[in-house]
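Q: I would like to learn how to read a few features of a protein model. Please take them one at a time.

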Amino acid sequence: MANLDAMQFCVPSTDAEVNPLSEVFAAAYALPVAEARAWLDRAGVENVRMLVAGGEPAAGLIVVPMGQWFGGRSVPMTGIQGVAVAPHHRGRGTALRLMVETLRELQQNGVALSTLYPATQRLYRRAGYEQAGSRFEARLALKDIQLNERSFDIRPIGPADEETVRDLYRRRAARSCGLIDRNDYLWRRVRETRDGKALGFRLSRNGTPGGYVYYVEKTLPNGHYDLLISDWSADGAMDDAANGADFSCAEVVRGLLTLLADHRSIGSDAVWYTGPTDPMQFAMAEQHYRLKLHFHWMLRIVTLPAALSARGYPSGIAGELHVDVRDEILPENQGRWTLAVREGRGVVSPGGGGRLRTDIGALAALYSGFMSASQLAALGRIEADASSIARADALFAGPAPGMADMF
Ligand SMILES: CC(C)(COP(=O)(O)OP(=O)(O)OC[C@H]1O[C@@H](n2cnc3c(N)ncnc32)[C@H](O)[C@@H]1OP(=O)(O)O)[C@@H](O)C(=O)NCCC(=O)NCCS
């Protein structure tokens, strides 16, 4: 049996390293080896981390550098995907060791957060992650949309629309909580999905972009098709009207839904991934959509001061929160910190009264707004005086955290 401590953590670079690791991924995810290799190449071999035991790969994973939106700001976040341990190295802490080494590397690089979709929660809880948001599949029969908003100009998205699309997405993400700030790898997956190349359309009025949608028509056994939506935004209108929009987000949502409904002769359902609430659901006259929980995603605070100072806070609240944090895996996060919030921004300094005591996992659930401080206190994950709890409830409150992208 290979000794865990003797395993080396490294980044594979040569084919002599990547090819055997592809076999570990292939076995872990029931894939042909060539497909596993193509996955590593698409993600970028420089983003692969592995543990080597006696010259052979024992385990690997992929890091996906990107950002995640919290409180109107994009926070540096590294996603983790494809955690894979060779069958004969399982059940003795190999995956946990790989996660811990990866987290240490991320912390050394100052990354604020890490997020993942867990196939097993126990492993990631042990590494300091906690449930922090949801990903639902939303399904809506096109015939039930029953909207007729035709006041927008609609045209296919072309290469010249790249910046407009990214800007519209940014606006949507800034108003939400938990949406991904995509890197190029994830933007590619919006347009080239697992189900094929997406069609994209943008809506505008009097030349001002209002929104867009990307979808794939997925054929059903009866010859009809579902619209699988890989991305959308209806956020062209800004609150300050500085961009000259003479329309509201609500009108754009109805315009997008009308465009989808225009597929209803042969189209069956629109399917998209979302949090528990979103403007498309809100725009419907009746609750004909169905939500199915896909995952509760998990979040890890990797570099505490960076995480707390990079997110945004409600602009109407000013004050200090004094925390005392336990983190056995990344002890740099451990101890007392003071978060001072003013005008929507947070400044973090070491020390303080440590009046809110918690563990790094519970802090992640609080940070995203998935659980309130009051709820976490009732669950025994926070100990604090009443005023610290009330302040934490207010500082981290926001829209329900949801993620759409899968990685
Ligand atoms: C899941 C997987 C990565 C676990 O690897 P491993 O080396 O056996 O895990 P570890 O020994 O480090 O386990 C660490 C902790 O997680 C727990 N754990 C591991 N696999 C688990 C599972 N499938 N279900 C529940 N708990 C699990 C262990 O019990 C241990 O907790 P404990 O010490 O409190 O008992 C491995 O089974 C694998 O490669 N599976 C196929 C691919 C996969 O599912 N990857 C995860 C994608 S998110």
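Q: Is α7 mostly covered or mostly open, and how many of its residues are buried?

A: This is a predicted model, in which local features need pLDDT of at least 70, side-chain atom pairs count only at pLDDT 80 or more, and totals for chains, interfaces and linings use all residues. Residues are numbered from 1 along each chain as its sequence is written, and side-chain values use heavy atoms, with hydrogens and water left out. Buried means under 20% relative accessible area, with exposed over 50% and partly exposed in between (1.4 Å probe, protein chains only). Helices (H or I, at least four residues) and strands (E, at least two) are DSSP runs, numbered from the N terminus. Helix α7 is mostly covered, with 10 of its 13 residues buried. Among them are E251, V252, V253 and G255.

Q: What distance does α7 reach from its first C-alpha to its last?

A: The expected span of a helix is 1.5 Å times one less than its number of residues. Helix α7 (residues 249-261) reaches 18 Å, close to the 18 Å expected.

Q: How is an aromatic pair read?

A: A pair of aromatic rings is described by the distance of the centres and the angle of the planes. Rings of Phe, Tyr and Trp (its six-membered ring) pair if their centres lie within 6.5 Å; planes under 30 degrees apart count as stacked, over 60 as edge-to-face and the rest as tilted. The whole structure holds 12 aromatic pairs. In one of these, the ring centres of Y117 and F407 are 5.4 Å apart and the planes are at 55 degrees, so the pair is tilted. Y117 lies in the loop between β5 (113-116) and α4 (121-126), and F407 in the segment after α12 (386-395), so the pair ties together parts 290 residues apart in sequence. Both Y117 and F407 are buried.

Q: Which kind of pair do Y169 and W187 form?

A: Their ring centres are 5.5 Å apart and their planes at 80 degrees, so the pair is edge-to-face. Y169 is in helix α5 (residues 162-175) and W187 in helix α6 (residues 184-191), 18 residues apart. Y169 is buried, with a relative accessible area of 3%.

Q: Which charged end sits over the ring of Y169?

A: A charge sits over a ring if NZ of Lys or CZ of Arg is within 6 Å of the ring centre and within 35 degrees of the ring normal. Here the charged end of R182 is over the ring of Y169, 4.0 Å from its centre.
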